[in-house]
Amino acid sequence: MKSYQEMSQEELMQERASLEQQYKEYCGKGLKLDMSRGKPSSEQLDLSMPMMDVLNSDTHLNSRLGTDLRNYGMVDGIDEAKELIASMIDTKPENVIVYGNASLNIMYDCISRSMVFGVMGGTPWSKLEKVKFLCPVPGYDRHFAITEAFGIEMINVPMTSEGPDMDMVEKLVSKDDAIKGIWCVPKYSNPQGISYSDETVRRFANLKPAAKDFRIYWDNAYCVHHLFEDKQDELLDIISECEKAGNPDMVYEFCSTSKVTFSGAGISGLATSLKNKEAIIKRLSVQTIGFDKINQLRHVKFLKNKAGVENHMMKHAALIRPKFEMILKKFEEELKGLGVGNWVVPNGGYFITYEANEGCAKSIIAKAKEAGVVMTGAGAPYPYKNDPKDSVIRIAPTLPPMEELIAATEIFIICVKLASIEKLLKA
Ligand code: PMP
């Protein structure tokens, strides 16, 4: 097969004409397809419906310690839920605070608290002239939205196949005390599906930041979200690595059951050193008397323990794996060797990243939209929505039913080819 770069002008124009014909046919169908947000499908949500039956009016709503869960209290969560969250991220229950349904809310709170009150006795960030965050790119748009909302300057750090470029991270944090944090999605990253290598995790744990109040924001959102039973990425536990490195307070780790049970009604957790935890609880207990402990109990009764979570996640995998495999197979068959971009094959998580040729992402997404396929906006995986190469596209396969996803993928492939040819013809 010839790549587009090897084709003559005439061959390219012929190919374009045939693609335009196919494109027009799709446009005429009035399709409404969505590959934009990483939401579970309704079949995935159905997997957790039995959780609705684990409690009823006869259930004694007491914790293991005998506390009445219907009442106020237990700001850091019930012990059994701390154990469940800890088991998902391989840490100790005493390090965990169990929150409400959204880990994003915890992250927002961590930044907000640091802005207003500072980190463990440090100057509140709002009193500083400049606060900066490192942002591995491509990354998660809602992380960048939080730091942007607080006026924090974001600095791009390129991702490699083993995690963020650690030479750059080490150099930047050791020199500049305005750098207060880094956003990380260390396992099955959003959007590339990359897991950080052991070396990357150890280099993180051994950072020597100029700012005493620097924290690693370790968003382990996809900790148990494997696509396969036999091909699973392993991630070192950052909290114990930080302890070993003599940096016990340097990390806040986040996770939730949003994509385990219900995205809108799960439980979430923050895991961190006991010192950090104490400082956080001091503020948190002014914010709330406690989160929804009945939902915590419901999750414990339904998922039970690590093995229960793993077993449940394999049911999710059985539903979403065919969707990932379909897209990747079509990419292999239709795009490989054409010189129109690259993609990473993930072992887990919620996304496939398509890296188009430079200057093509916006055009591909606009074309797809015209044909009825909504994709995540171009630039979304970058701070300030600014993808300097206009090349990264995040594909979210989980939500649409298979037939819709097949049509959306076919349209996407045509758009990739068309945009790449147009770019070459213009050059
Ligand atoms: N972090 C990452 C990396 C995510 O991809 C998502 C969901 N798309 C979240 C956090 C949101 O988690 P939660 O529902 O717990 O707020």
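Me: Where is L19 found?

Reply: L19 sits in helix α1, residues 9-27. Keep in mind that this is a predicted model.

Me: Is L19 buried, exposed or partly exposed?

Reply: Count the neighbours. The cut-off for buried is 20 or more other C-beta atoms within 10 Å, and for exposed 12 or fewer. L19 has 17 other C-beta atoms within 10 Å, so it is partly exposed.

Me: Which residues does L19 touch?

Reply: Leave out residues up to four places away in sequence, and L19 touches I414, K417 and L418. Compare that with M250. L19 and M250 are 231 residues apart in sequence and 52 Å apart in space, C-alpha to C-alpha.

Me: How much confidence does the predictor give the model?

Reply: Where pLDDT is low, the predicted coordinates should not be read in detail. Here the average pLDDT is 97, and 100% of the residues score at least 70. The predictor also gives the complex an ipTM of 0.99 and a pTM of 0.97.

Me: Now the overall build. How many helices and strands are there?

Reply: The protein has 13 helices and 13 strands. Its C-alpha trace spans about 75 × 55 × 35 Å along the principal axes. For 427 residues, a compact globule would have a radius of gyration near 22 Å; the protein has 23 Å, which agrees. Buried residues make up 47% of the 427.

Me: What share of the contacts joins residues 24 or more positions apart?

Reply: Take the contacts with a separation of 6 or more. Residues 24 or more positions apart account for 76% of them.

Me: How is the protein divided into domains?

Reply: Domain 1 covers 4-44 + 311-426, and domain 2 covers 61-304. Their C-alpha centres lie 31 Å apart. The contact takes 24 residues from domain 1 and 30 residues from domain 2.

Me: Which elements give two or more residues to the domain 1 side of that contact?

Reply: They are α11 (306-334) and β13. Helix α11 gives the most, with seven residues.

Me: Which residues of β13 are buried?

Reply: Check each face in turn. In β13, residues 392-395, V392 and R394 are buried on one side, and I393 and I395 on the other. Both faces are covered. Next, look for the partner. Strand β11 (352-356) pairs with β13 in the antiparallel sense over four bridges. Y354 stands opposite I393.

Me: What is the strand order of the eight-stranded sheet?

Reply: The order is β2-β9-β8-β7-β6-β3-β4-β5, in an open sheet with mixed pairing. Strands β2 (96-99) and β5 (163-164) stand at the edges, each with a single partner strand, so one side of each is left without a neighbour in the sheet.

Me: In which sense do β7 and β8 pair?

Reply: They pair in the parallel sense, over four bridges. Strand β7 is residues 215-219 and β8 is residues 251-256. Y217 stands opposite Y252 in β8.

Me: How do I read the sides of a helix?

Reply: An α-helix has 3.6 residues a turn, so residues three or four places apart point the same way.

Me: Where are peptide bonds cis?

Reply: Look at omega. The bond from V137 to P138 is cis, with omega near 0°. P138 lies in the loop between β3 and α5. The bond from N190 to P191 is also cis, with omega near 10°. P191 is in the loop between β6 and α7.

Me: What is the phi of Y188?

Reply: It is near 45°, a positive value in a residue other than glycine. Y188 is in the loop between β6 and α7. Y188 is buried, with 26 other C-beta atoms within 10 Å. K304 has a positive phi too, about 70°. K304 is in the loop between α10 and α11. With 15 C-beta neighbours inside 10 Å, K304 counts as partly exposed.

Conventions
Residues are numbered from 1 along each chain as its sequence is written. This is a predicted model: local features need pLDDT of at least 70, side-chain atom pairs count only at pLDDT 80 or more; totals for chains, interfaces and linings use all residues. The radius of gyration is taken over C-alpha atoms; the globule rule is 2.2 Å times the number of residues to the power 0.38. Two residues are in contact if their C-beta atoms, placed from the backbone, lie within 7 Å. pLDDT is the predictor's confidence in each residue, from 0 to 100. Two strands pair if DSSP finds at least two bridges between them. Domain bounds come from an automatic or database domain assignment.
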